[in-house]
Amino acid sequence: MAFLELDRVGKQFGSQTVVEDFSLAVERGEFISFLGPSGCGKTTTLQMIAGFLEPSRGAIRLDGRDLTKVHPAKRGLGIVFQSYALFPHMTAAENVAFGLEMRGVKREDRAKRVSAALVMVGLAGFEERYPRRMSGGQQQRVALARALVIQPSVLLLDEPLSNLDAKLREDMQIELRQIQRTIGTTTILVTHDQNEAMSLSDRIVVMSQGKIEQIGTPQQTYERPASAFVSQFLGKTNDFAATIDRTAQPARLVAGSWHAPAPAGVSGAVTISLRPERISFADAGLAAKIITRIFQGNHWLFQCETECGPAIVIRQNDGTPQPTEGEAVRLAWRVEDMSLRTSGGAA
Amino acid sequence: MTAATDASTQAASSETRAPWALTLPALMLFVGVLVIPLLMTVMLSFHDWGQYKGIEPVFILKNWQEIASDPYYAEMFWRTFRIALLATLITAVLGAPEAYILNRMSGRWKGIFLLLILGPLLISVVARTLGWALLFGGNNGLVNKLLMSLGLIRAPLPFMFTETGMVVALAHVMMPFMVLSVWAALQRVDPQIENAAMSLGAGAFTIIRRIILPQIIPGVLSGAIIVFSLSASAFATPAIIGGRRLKVAATLAYDEFLNTLNWPLGAAVAVLLLLALVLIVVGSNALIERRYAEVFR
């Protein structure tokens, strides 16, 4: 049985449904991300696990025990808030010690565990600092140490990195992953940043409008998006309208001047979904014209106008000459790099 | 070359003069209506006065010696500050929880109750104090009548012309200042902080005592300074509840000015009250700032 189980959890505020039919099984030690745009219900779901909100429907079980009946103070979960919610009138050490104090840990033992936690997050020597006198990154680390020192069964992170600048955020991502790997705490991260979700998680739960769109590893959700929403949300994507031509022998999948053998079991109008970095310039294929060419250091970004509408192409800057603006090109890709959806269908 | 330097020095000097020129109207008003009358009051307190000769513009210490030697004044000042302190304590004990509850209310109710708390500020202090007189004033007071007819008390509760009455009425009048001050402090508290404490295992009482209270103490203290200084210098409420029998510094100064016509003595009382208040307020403010400097800025 899974360690943390959410069984068809739903939340309603008045007549408004915020989370619907949310089912998820988290294994011990797993790092899970709830990914979605703001208002998709990811924070609400986290708050239901934490106990700050009561689910309207469904059950949440931790280690087989019904969590919804347990008071939030007794759940033993570690939470890092978006605003960090540090106690401003306490020093870093006092902040971290608070949870231990509530658990009745003896003074000497407490001091040892507090300094160990601060060392772990790289804040040795900051014991007597007040939060106001620390940088955003340091406050973040105190919040993490405070949540981890109580040895929580599950660590909940509510957009913990969104208030940090880009460089610091990347550093913290790496550090967060390392700490999580070392101590092996089951972790749930709420984020709207797809890069953050992909670089940190074992599995990603992509959410939209209160519903789960897809659950899968970062690779699965990126390479094989289950819906148009997932492919749009997880990075840039190209959609080409295509048809299956059963009159040809053998049957062909056709998008403009590009064609490939038709896959079995599909017919009529379909949409080809394709990541920009999987398209290459070739001698034959979809006819296109380069509209703009942008140099981005390690790669080139091309905006093209094709027979099937606008498209984005990304090519590695590997030193080979690239087509220039206004040039007519042909776009090609491997069949296994695209995903196919029947047009108008749900998936 | 020289012309250019001249122009630039001129520009520089007009730049330094401009702020002064711009603040001049306000400065003149400030000096004219506050500083000059205050200085005149201080000077007045050193003048002589007699029943038949009136005010004599001489420099003597008679009024100050009288205040220092006559225990009547010491008692009166002691009463003034005792009443103000008690009123401040009551507003703090009742007002801080009131602000906390107000802050936790949902949108619509918060608006209604905030209006209820601030509403009394729109009504004159005299009207609000007279309300207490109507409820408790002697045998005819509404509450006294009710309690007596119910047989709960034999004699009317003493309220008018008592210190208790003054403290209660002052606490009521000053309550909005305390609630607003604490409320402002609560606005700065992270809304997630209670959840954070709860997730770490703290119960409701611990959260209030260990997390919320320490963060709103500066608000309570600044509210206390406002309430204390307003209560110590209050006139209308002590005048109505305390009347002639129970005088405080403000009503005494008033009586010296308008009834006895001993302006110099009234001025000395007023100046002493002002000095004592400034000392208390500045002193406690410095204490608070030093105590909480590290944590709140």
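**Group meeting: a two-chain predicted model**

Let me begin with one pair of residues: A:A242 has A:V270, in β14(A), as its bridge partner. The model before you is predicted, so local features need pLDDT of at least 70 and side-chain atom pairs count only at pLDDT 80 or more, while totals for chains, interfaces and linings use all residues. Residues are numbered from 1 along each chain as its sequence is written, and chains are lettered from A and ligands numbered from 1 in the order in which they are written.

I stay with those two strands for a moment. Strands here are DSSP runs of E with at least two residues, helices are runs of H or I with at least four residues, and both are numbered from the N terminus. Strand β11 (residues 238-245) and strand β14 (residues 269-274) of chain A run antiparallel and are joined by six bridges. Two strands are said to pair if DSSP finds at least two bridges between them.

Is A:I279 buried or exposed? A residue is buried if 20 or more other C-beta atoms, placed from the backbone, lie within 10 Å of its own, exposed if 12 or fewer do, and partly exposed in between. A:I279 counts as buried because it has 26 C-beta neighbours inside 10 Å. Not counting residues up to four places away in sequence, A:I279 touches A:L274, A:V313, A:L331 and A:W333; contact requires C-beta atoms, placed from the backbone, within 7 Å. A:S135 is 144 residues from A:I279 along the chain, and their C-alpha atoms are separated by 43 Å.

I turn to chain A as a whole. Chain A has eight helices and 20 strands, and 39% of its 347 residues count as buried. One of the helices, α5 (residues 166-183), has 18 residues and reaches 26 Å from its first C-alpha to its last, close to the 26 Å expected. That expected span is 1.5 Å times one less than the number of residues. After α5(A) comes A:G184, with a positive phi near 70°.

Next, the nonpolar cores. Such a core is a set of buried Ala, Val, Leu, Ile, Met, Phe, Trp, Tyr and Cys residues joined through C-beta atoms within 7 Å. The largest has 72 residues, and A:A145 is among those with the most contacts inside it. Another core lies apart from it, with 50 residues, including B:W49 and B:W132.

Finally, chain B. What is its secondary structure? Chain B has 12 helices and two strands. Its radius of gyration is 25 Å, whereas a compact globule of 297 residues would have one near 19 Å. This radius is taken over C-alpha atoms, and the globule rule is 2.2 Å times the number of residues to the power 0.38. Of those 297 residues, 29% count as buried.

Definitions and conventions
Contact = placed C-beta atoms within 7 Å.
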